[in-house]
Amino acid sequence: MNPLPQKIRFLSMIYIWISHGDPFIYHYFNTSKVLDVGCGTGSFIKRNPRNYYGIDISNSLVNICVQQGLNAIVGSATDLPFKDENIEAINCNNLIEHLSPDSAAIMLNEFARVLKKGGIVMLRSPLGENVWDTFSHIRPYPPTAIKKLITSETEDFVRPDNNHLKQLHILHIYFQGKYFKNRILFFLSNTWTHFIPWSRKSAYVLILTKSFNPNIQSNQELLQEVK
């Protein structure tokens, strides 16, 4: 099994951002075949149509992907039409906050079920201040909540009966600044968030894996990064 990727250091993140665009996609998905869950109109798949493919519950959005020559199918994030341990990597961008707690737990459980051992999940989501201004957003799911869902006994009643969640482990946590269409402003916002812990209120990128390496930080150690 290939070693799990190390966390991106800030200077490396700047270099990747300038040279290749999104540093998280380049760092974690550079050589992977990736399933984009909630693919929408295919903006993620377009980055690498040969290796990226998608699934979305909307027939009309999947049709837009197909018309562009992208590989996408209709399906639900809470009932993925794939066999166990059949997916190399998963991207899920701004979807979980649209789900109820029960559905969010089922979706993460599905990720754990279909992901190959050693595979990576990249989960992005807004936090509180970006969630409540639309009816389609149900609630924020901060990294602390996902960590508890995976590890805490108090969350047993939320987990699906066919519990695969225990196979997931938090690998890395990143916090992002407030989104701006202007790339320079967005970069400055992310820089501010990187260095100022109390400003981490806008969004996050959570990297999970289906394997456990005793040399990486534990879930408890990573939790300190959230506080």
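1. Pro81 touches Ile55 and Ile73, leaving aside residues up to four places away in sequence; contact means heavy atoms within 4.5 Å. The model is predicted: local features need pLDDT of at least 70, side-chain atom pairs count only at pLDDT 80 or more, and totals for chains, interfaces and linings use all residues. Residues are numbered from 1 along each chain as its sequence is written, and side-chain values use heavy atoms, with hydrogens and water left out.

2. Pro81 belongs to the loop between strand E3 (72-74) and strand E4 (87-93). Helices (H or I, at least four residues) and strands (E, at least two) are DSSP runs, numbered from the N terminus. With a relative accessible area of 47%, Pro81 is partly exposed; buried means under 20%, exposed over 50%, and partly exposed in between (1.4 Å probe, protein chains only).

3. The whole structure contains 4 aromatic pairs. Rings of Phe, Tyr and Trp (its six-membered ring) pair if their centres lie within 6.5 Å; planes under 30 degrees apart are stacked, over 60 edge-to-face, and the rest tilted. Phe29 and Phe44 pair edge-to-face, at 6.2 Å centre to centre and 80° between the planes. Phe29 lies in helix H2 (residues 23-29) and Phe44 in the loop between strand E1 (34-37) and strand E2 (52-56), 15 residues apart. Phe29 is buried because its relative accessibility is 0%; Phe44, at 6%, is also buried.

4. Phe24, Tyr28 and Tyr174 are linked into a cluster by ring pairs. Lys7 lies over the face of Tyr174, 5.1 Å from the ring centre; this requires NZ of Lys or CZ of Arg within 6 Å of the ring centre and within 35 degrees of the ring normal.
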